[in-house]
Amino acid sequence: MSWIVFGVFLAANFVAASSGGIFKPGAWYESLNKPSWIPPNWAFPTVWSVLFLLNTVAGALAWEAAGNTVGGREMLPFVVYGVSLGLNFVWSALFFGMKRMDLSLVEVVLLWISLVAQMAVFAPISLPAALLALPYLAWVTTAGVLNFRMIQLKSTAARPIA
């Protein structure tokens, strides 16, 4: 694998990951009712670091497997990949920045769909690249369920006690 290709995909993933540094959880998040099964706070940056690294490798593997000339490449897999990274960036802005759990739930569903699409378009090019997205998909699934459950807990807490 070319270090230049790896570096380009690493930079793209770093940009997507930077959203988590821009839009931090803070006091609002700490005050939310959360399910008992929520991972500990330290797990989120640790897991995301691993997932972005795996996603970097997946992108680089698919790029190199697609061919050696930019003009001859089929670009759809990399457009899907870019959309997925963009959606990942937006989730933190919606959830932590705007404090819109409802919009972030819709967005995480779109992210999930984009990851399935990424796997589907990477598979014919590089099966290992497609399979490297499985942990990412699993974590986004968990995040989506967690997002949904936190909305439920918020609405339960807001109801008047009869």
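Helix α3 (residues 43–66) packs against α4 at an angle of about 165°, and the two axes lie 11 Å apart. This is a predicted model. An angle over 145 degrees counts as roughly antiparallel, and α3 and α4 are therefore roughly antiparallel to each other. Their crossing is left-handed.

Helix α4 (residues 76–97) also packs against helix α5 (residues 101–122), here at an angle of about 160° and with the axes 9 Å apart. That makes α4 roughly antiparallel to α5. The crossing of α4 and α5 is left-handed. In the contact of α4 with α5, the residues divide into 19 nonpolar, 5 polar and 1 charged.

| Helix pair | Angle | Axis separation |
|---|---|---|
| α3 and α4 | about 165° | 11 Å |
| α4 and α5 | about 160° | 9 Å |

Helix α4 thus takes part in a packing with α3 and in another with α5, because helices are taken here as DSSP runs numbered from the N terminus. The 22 residues of α4 reach 31 Å from the first C-alpha to the last, which is close to the 32 Å expected at 1.5 Å a residue. Just after α4, lysine 99 takes a positive phi of about 60°.

How many aromatic pairs does the count come to? The count comes to 17 aromatic pairs. One of them is formed by tyrosine 29 and phenylalanine 95, with 6.3 Å centre to centre and 65° between the planes, an edge-to-face arrangement. Tyrosine 29 lies in helix α2 (residues 26–31) and phenylalanine 95 in helix α4, so the pair ties together parts that are 66 residues apart in sequence.

Turning to the chain as a whole, its secondary structure comes to 7 helices and 0 strands. Along the sequence the pattern reads α-α-α-α-α-α-α. Taken along the principal axes, the C-alpha atoms of the chain fill a box of roughly 65 × 25 × 25 Å.

As for confidence, the mean pLDDT of the chain is 92, and 93% of its residues reach 70 or more. Confidence in the chain is lowest in helix α7 (residues 134–158), at a mean of 91, and highest in helix α6 (residues 127–131), at 98.

Terms used. Residues numbered from 1 in each chain as written. Predicted model: local features only at pLDDT ≥ 70, side-chain atom pairs only at ≥ 80, totals over all residues. Heavy atoms only, no water. Axes fitted to C-alpha atoms, helices over the stretch in contact; angles between N-to-C directions. Helix = DSSP H or I, 4+ residues; strand = E, 2+ residues; numbered from the N terminus. Parallel < 35°, antiparallel > 145°, perpendicular 65-115°, else oblique. Left-handed = near helix turned anticlockwise from the far one by under 90°. Nonpolar A, V, L, I, M, F, W, Y, C, P; charged D, E, K, R; others polar. Expected span 1.5 Å × (residues − 1). pLDDT = per-residue confidence, 0-100. Phe/Tyr/Trp six-rings, centres within 6.5 Å; stacked < 30°, edge-to-face > 60°.
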